[in-house]
Amino acid sequence: MTGAIELYALGASFEVLAVCIPYTNLQWNRRYYEPGDFSMQVGADDFDPAWAYVWSPERPEMGMVQKVAYSADGGYDGTVQVSGFFVEKMLDDRVCYPRYTGDEQATETAVRKIFAAYSEGLPISLGPVNDPPIGDRTQSDFSDDELGSKLYSILETREASLRVAYDLEANALRLSVWQ
């Protein structure tokens with residue numbers, strides 16, 4: 001049974017492994033000031049352990065498969081509970097070190113510079129800049145923070161957020177600021 005949101009499963013290199021995943025239960029929780037999460041239940045016959053990401057062309061978020069729980073259900077084939085955070089959580093894999101100091105005319109510009117300073121090795125690039133950039137003057141001075149948590153905290157003071165969206169045509173993850 002396919003739900004209301006069309007979901008695709010992607011591999012570690014973002015190759016499409018399955019389309020129209022037939023899930024029976026889906027929780028897709030977008031959050032504004034922190035990474036969201038997802039959880040879905042699929043039949044054991046429909047699940048492939050090669051799934052690394054779950055994505056919908058209808059939504060800007062992409063989920064990282066982080067937990068897989070198999071369950072047997074009587075005489076049935078069983079189900080699999082697949083869950084994880086959205087890819088924004090990857091940003092917390094980077095610690096902001098050495099110390100960062102900056103003074104930018106727009107919050108979005110500050111966020112983009114901070115991301116560029118600490119994102120080496122992440123499969124995420126910067127998306128387009130808003131015109132005009134979001135926010136006002138932003139001064140920053142910090143060290144040893146998780147990159148994602150720091151960016152969210154800076155944006156929260158301006159009632160803005162970030163998102164990392166999957167671009168299917170470019171096969172790339174793009175970070176953008178939004179309000």
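Helix α1 (residues 107-118) and helix α2 (residues 147-156) have axes that come within 10 Å and cross at roughly 175°. That angle makes α1 roughly antiparallel to α2, because angles over 145 degrees count as roughly antiparallel. The model is predicted.

- What kinds of residue make up the contact of α1 with α2? Eight are nonpolar, one is polar and none is charged.

**Strands β9 and β11**
- Strand β9 (residues 100-104) pairs with β11 in the antiparallel sense.
- Five bridges link β9 and β11.
- Tyr100 stands opposite Phe142, a residue of β11.
- Strand β11 (residues 138-142) has two faces, one covered and one uncovered.
- Thr138, Ser140 and Phe142 belong to the covered face of β11.
- Gln139 and Asp141 belong to the uncovered face of β11.
- Strands of a sheet pair through backbone hydrogen bonds, either parallel or antiparallel.

**The four-stranded sheet**
- Four strands form an open sheet, in the order β2-β1-β5-β6.
- Pairing in this sheet is antiparallel.
- Which strands stand at the edges? They are β2 (16-18) and β6 (62-64).
- Each edge strand has a single partner strand, so one side of each is left without a neighbour in the sheet.
- Neighbouring strands of this sheet are turned by 35° against each other on average, direction ignored.
- Within the sheet, β1 (residues 8-10) and β5 (residues 53-55) pair over three bridges, in the antiparallel sense.
- In that pairing, Ala9 stands opposite Val54 in β5.

**A buried glutamate**
- Where does Glu88 lie? Glu88 is in the loop between β8 (79-85) and β9.
- Is Glu88 buried or exposed? Its relative accessible area is 1%, and buried means under 20%, so Glu88 is buried.
- The side chains of Glu88 and Arg30 are joined by a polar contact of 3.2 Å.
- Leaving aside neighbours within four places in sequence, Glu88 is in contact with Arg30, Pro35, Tyr152, Leu162, Arg163 and Val164.

Terms used:
Residues are numbered from 1 along each chain as its sequence is written. This is a predicted model: local features need pLDDT of at least 70, side-chain atom pairs count only at pLDDT 80 or more; totals for chains, interfaces and linings use all residues. Side-chain values use heavy atoms; hydrogens and water are left out. Axes are lines fitted to C-alpha atoms, for helices over the stretch in contact, and angles run from 0 to 180 degrees between N-to-C directions. Angles under 35 degrees count as roughly parallel, over 145 as roughly antiparallel, 65 to 115 as roughly perpendicular and the rest as oblique. Ala, Val, Leu, Ile, Met, Phe, Trp, Tyr, Cys and Pro count as nonpolar, Asp, Glu, Lys and Arg as charged, and the others, Gly among them, as polar. Buried means under 20% relative accessible area, exposed over 50%, partly exposed in between (1.4 Å probe, protein chains only). Two strands pair if DSSP finds at least two bridges between them. A polar contact is a pair of N or O atoms within 3.5 Å; within protein, one must be able to donate a hydrogen and the other to accept it, and residues adjacent in sequence count only if both atoms are side-chain atoms. Contact means heavy atoms within 4.5 Å.
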